[in-house]
Amino acid sequence: MPKTSKKTYFDELWLKDERLGQWLQQVPKDRTCLRCKLCSKVLKLSNMGIEAIKSHESNAKHRGLAAVAFAAAPIQSFLQPSTLSSALDSEVAKNFSCSESKARYMATFGLAPYLLELLMDKGYIEEDLKKGIESLQKANLLQLSMDGPNVNWKVFEDLQSEIQLENGKNLLNVGSCGLHVIHGAFRSAMSETGWDIETLLTSAYRLFKDSPARREDFSSISTNHLFPLKFVVHRWVENVRVLERFLEVLPDLRKYTLFVMEKKLSDPHTKSFDTVKSGCQDFLAEAKLNFALTLAKQVQPFLTKYQSDSPLLPFLVLDLLDMLKSIISKFLTAEFAAQLKTCTQLSKVDLRDRSHHKQVDLGFSAEMYLQSAEFRKMKISDKDILGIRISAKAALITFTEKVLEKSPMRYPLARSISCLDPHFIAQSPDACKTMLTRMLKSLVDAKRLQGSVRDEILQQFEHFMRSVLSSELLQFKPGQDRLDIFLHDKMCTPYPKLWMAVRMALLLSHGQATIERGFSVNKEVVIENQQTKSLIARRLIKDHIIQAGGILQVSITKQMMISVRSARSRYSQYLADKKECEVKERAQMKRKAELDAIEELRMKTKRLKSDIDALHISVKKYAEKCETTGDLTYIAKSNSLRRTADEKEEELNKVNEELDAKIEKYKQ
């Protein structure tokens, strides 16, 4: 008798599945069938069960309908919770939905062009900016703010010479950008360790970046389904989150590499995997990474504070000094570190003198890991642990030396401007008076201030310190209040000569704050695999929202709506242009490949002709030797070389034929 197939029945648990529940529906009174809400189709389960559902789900028509149905997201997903109630003020707004691609091209080809045109109309760039720069007088130029490359210092020297020649004045020099110096010092410190954390973090990100198969393998054994984040080589201290994430996924990475070595998962066979595997086999990696993270976190508040256009130079040196004191306390004895109270004392000390060293402090997390029971089970030798401490100490010393060598701390004017810090004035008035004297000397030497007014300025400063209450000075908050507004209110009218000098000092820049802040904003808005046009559009939109005072303050104009309505047509034109460029590029690559092949055949022809000529010369030479000596071995060699020459000529003819055919094809 023929076997009867066993029927399968609809399981209500399938409806609870997050993915299947979106489109799957039970057929009333028939448990042997199912209904697809997207395709409006009833399907029989037959004897396949869940496999029938998977088979239908892989259908091209179903996948297309699912892509359209589930791509749209409600407007709530694009807004912060704090703005939801005020932004969604109508039923139309609440029910509005937008697919991912539509949101993307509306921003890139709708809002961004409008905002760029608005920026151009306001005259912020191009001709108006150029005219503004040309109208500036060199005699009034106080400072050239820059980062540290030698080419910038050459520009500074040339400009300095030009201004001296024309006006007899000097530029005020407080060094290069303090923010760039910190970034460079941190990277130099990490390089000094020799741990190559940079390569490890980069490889971990690249291992999973463009490989869905590897991501799926990793997710199958991962406990939290997180992946390594992108590491930015030239922005070390912006990578705190990258270090934190790597430490979080390190146990899963070790499990992944172990499964690959045991052949439970496929081997990627890439250099990135080899680097990650080597890093996972280093059981001191947690200590190394936690040390790097501790140092980065110690430096990051300084960088965050000084990514501002407010006049912060009076606070810069004291903040740098506090930061360096905290860092040197990790490897210098407490008694010796307490003696280093000023920039001058710190710059004169030999940090590599071991007589003042103690066991280096790697940071709380790293020290706790080295003392943990789990680490002790690994039986890591004391020599290896000592090696980590030596490398960490070398990194701290290198960081401190680089900051002392290249930061504004080494410039007398930058140090003396600290006398304008309200807190410092309240706590150390005598020291502030001494610093102001040095600041005025720098201004007089640069021909920016007449020496005759120096004494009057000092007298006004003394009177200012006596008349202003310490409580008023201590109420100043550097992160919230602007120093120029604070001092202007208290100095401008009663102390005009003092304010003249103070205003000049407050105009000096503490670094490339706008550029550094731009990098940080880019890091916030950038996402993986983002195209350049999308990033530029997001920056334009974000900057406009900030300028307007928040998303609720942005004016929805008629021109903006017209631009957004045109986004789809612009996007379609962009895709058409892109496709046309790709076709042209493929054609150019094909022609280049043909030209390369022709050139290769020509070179081969040239080599064959050279070989044939050399063989004929040798044939003639051996034949002549045979005639003069009567030795028949020479004639045998001559005949052998002649046969080789004939074979080469045959090959040359074939190559010439192939070359002629390719040239003819290329012409067509």
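1. Let's start in a loop: Lys447 sits between helix H22 (429-445) and helix H23 (454-467). Helices here are DSSP runs of H or I with at least four residues, strands are runs of E with at least two, and both are numbered from the N terminus. Lys447 has a phi near 65 degrees, a positive value in a residue other than glycine. Most residues other than glycine have a negative phi.

2. A word on what you are looking at. This is a predicted model, in which local features need pLDDT of at least 70 and side-chain atom pairs count only at pLDDT 80 or more, while totals for chains, interfaces and linings use all residues. Residues are numbered from 1 along each chain as its sequence is written, and side-chain values use heavy atoms, with hydrogens and water left out.

3. Lys263 also has a positive phi, near 65 degrees. This lysine belongs to the loop between helix H11 (240-261) and helix H12 (271-280). Is Lys263 buried or exposed? Its relative accessibility is 76%, so Lys263 counts as exposed; the cut-offs are under 20% relative accessible area for buried and over 50% for exposed, with partly exposed in between (1.4 Å probe, protein chains only).

4. Now the whole chain. Among contacts with a separation of 6 or more, 67% link residues 24 or more positions apart; contact means heavy atoms within 4.5 Å. The chain exposes about 39,500 Å², with carbon and sulfur atoms supplying 53% of that area (Shrake-Rupley method, 1.4 Å probe).

5. Which residues touch the most other members of the largest nonpolar core? They are Phe399, Phe464 and Leu487, out of 129 residues in that core. Helix H13 (residues 285-305) gives the most to this core, with eleven residues. A nonpolar core is a set of buried Ala, Val, Leu, Ile, Met, Phe, Trp, Tyr and Cys residues joined through side-chain atoms within 4.5 Å. Not counting residues up to four places away in sequence, Phe464 touches several partners, including Ile425, Leu473, Leu487 and Tyr495. A second, separate core of twelve residues includes Leu20, Trp23, Leu45 and Ile53.

6. Next, have a look at the open sheet of three strands, ordered S1-S2-S3 with antiparallel pairing. Strands S1 (24-26) and S3 (41-44) are the edges, each pairing on one side only. From one strand to the next the twist averages 35 degrees, where axes are lines fitted to C-alpha atoms and angles run from 0 to 180 degrees between N-to-C directions. Two strands pair if DSSP finds at least two bridges between them. Three bridges join S1 to strand S2 (residues 33-36), and four join S2 to S3.

7. Two cysteines in S2 are handy landmarks in this sheet. Cys36 is the bridge partner of Leu24, and Cys33 stands opposite Lys44 in S3. S2 and S3 form a hairpin with four residues between them, and Ser40 in the turn has a positive phi of about 50 degrees.

8. Cys36 is buried, with a relative accessible area of 0%. Cys343 is also buried, at 10%.
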